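My notes are below, in the order I looked things up.

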Amino acid sequence: MDYSAMATTGTSGNRIIKDETALLPGFERSPECRKETMEAVHEAVNRLLFNEASGNLFIHGPPGSGKTTLVRSAIKEALSQRNITCVCLNCWRYCTSMSIYTQIADSLGEPVSRRGRASDEIFDRIMELMKASRKPVCLVLDEIGPLLKHDGAMILSNIARAGKDRTLFRIMAISDNPSILLRLPQKTREMLMFREFKVPPYRYEELASLLRERAMLGLRPGTFNESHINQIARLALASNGNCRFALDVLWRTARASEDKRLDSINDEELNLVVERLGLQSLGLSHEELLIIEILKKGPMDSSRLYMLFRKRLWKSKRQIRNYISQLEEKGIIEARITLERYNFGSRIISLRKGWEDG
């Protein structure tokens, strides 16, 4: 995720926050506190990329366990040792096989037009390019659920049917749901031979270490103390070790304290942030929490929601729609088409009953 558009980097007007990017989940830095887990993920990824007979890889774990960060780190290291094309896609954005084919073709240096071309035709052309170069493609499908939902992941079925040429592909699927691949046809699963790797949730000591590291990077000296770190770590531990929730609480507390022109974080602001969230057990992303916060003002049409969201965090309309879809799937918000005279046909989005004061 790109959080850079919303981040401040420490100006004379900031009393508490020194570098806001360090407080956000998308901060590109591998957590030192997860060295053991990181080494295990690196080993699994290396086995996938360097051993043709190892099958493919399915990585799962609870929300906020660091799956994507760990995988990115492992791939970056592996690419420095082997000539392989790596295509990393989030399936909330690339949720059809055709959209993924286009990204693979682009990465192989031959962009293809989708107009008037069947998906199987584009797949065949991709296989020709790969066989000609003998250069494998590692396809990383993060949050694979939407791809399975929208078109049944036809790309995986095509790869499975590619015979011996399927070994040109290395597939890495990532999901919070450990049983998500059961949505694939059994024959496809058997042919692709997915090995499973479970990323464990953060432990208390890891959460405290991560928060301490980020606070030292993102906050000014003397604006937080160890009790704040420990309290947030305990809350995140109760949220199944969700590091995204921990970082979100730290960021919101620092921001709320600064908005009140305080010189440091205090217990009252931290408690208010936690009370307002009340969502730690759901593992919601920062973007999802922001949408919920906006909708607590009342139902609104999608245009207004986009406008209010983008005032706080710049994302494309397509990305915002994806976050809305995720919240709909989780049963937190609902959308309806209004028949009101001056707003006819608009999509009105609101929190479901019980969430208005959550």
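**Ground rules.** I am working with a predicted model, in which local features need pLDDT of at least 70 and side-chain atom pairs count only at pLDDT 80 or more, while totals for chains, interfaces and linings use all residues. Residues are numbered from 1 along each chain as its sequence is written, and side-chain values use heavy atoms, with hydrogens and water left out.

**Whole chain.** I looked up the secondary structure and got 14 helices and eight strands. Here helices (H or I, at least four residues) and strands (E, at least two) are DSSP runs, numbered from the N terminus. Next I checked burial: of the 358 residues, 49% count as buried. Buried means under 20% relative accessible area, exposed means over 50%, and partly exposed is in between (1.4 Å probe, protein chains only). Then I turned to contacts, meaning heavy atoms within 4.5 Å. Among those between residues at least 6 apart in sequence, 69% join residues at least 24 apart.

**H10 with its partners.** Two packed helices are described by the angle between their axes and the distance between the axes. The axes are lines fitted to C-alpha atoms, for helices over the stretch in contact, and angles run from 0 to 180 degrees between N-to-C directions. I found H10 (residues 243-259) packing on H11 (residues 267-277) at about 125 degrees, with the axes 9 Å apart. That makes H10 oblique to H11. For the cut-offs, under 35 degrees is roughly parallel, over 145 roughly antiparallel, 65 to 115 roughly perpendicular, and the rest oblique. On the H10 side I noted residues including Phe245, Val249 and Ala256, and on the H11 side Leu270, Val273 and Leu277 are among them. By class, this contact has seven nonpolar, two polar and four charged residues. Ala, Val, Leu, Ile, Met, Phe, Trp, Tyr, Cys and Pro count as nonpolar, Asp, Glu, Lys and Arg as charged, and the others, Gly among them, as polar.

Asp248, Trp251 and Arg252 of H10 make the contact with His286, Leu289, Leu290 and Glu293 of H12. I sorted this contact too: three nonpolar, one polar and three charged residues.

**Lysine 67.** Is lysine 67 buried or exposed? It is buried, because its relative accessible area is 7%. I placed lysine 67 in helix H2 (residues 67-79). Leaving aside neighbours within four places in sequence, lysine 67 has contacts that include Ile59, His60, Asp176 and Val199.

**Cysteines.** I searched the whole structure for disulfides (pairs of cysteine sulfur atoms within 2.5 Å) and found zero. Cysteine 95 counts as buried at 17% relative accessibility, and so does cysteine 243 at 9%.

**Positive phi.** I flagged glutamate 143, which is not a glycine but has a positive phi of about 50 degrees. Glutamate 143 is in the loop between strand E3 (137-142) and helix H5 (145-151), and is partly exposed at 28%. Methionine 193, also not a glycine, has a positive phi of about 50 degrees. I found methionine 193 in the loop between helix H7 (186-192) and strand E5 (194-198), partly exposed at 46%.
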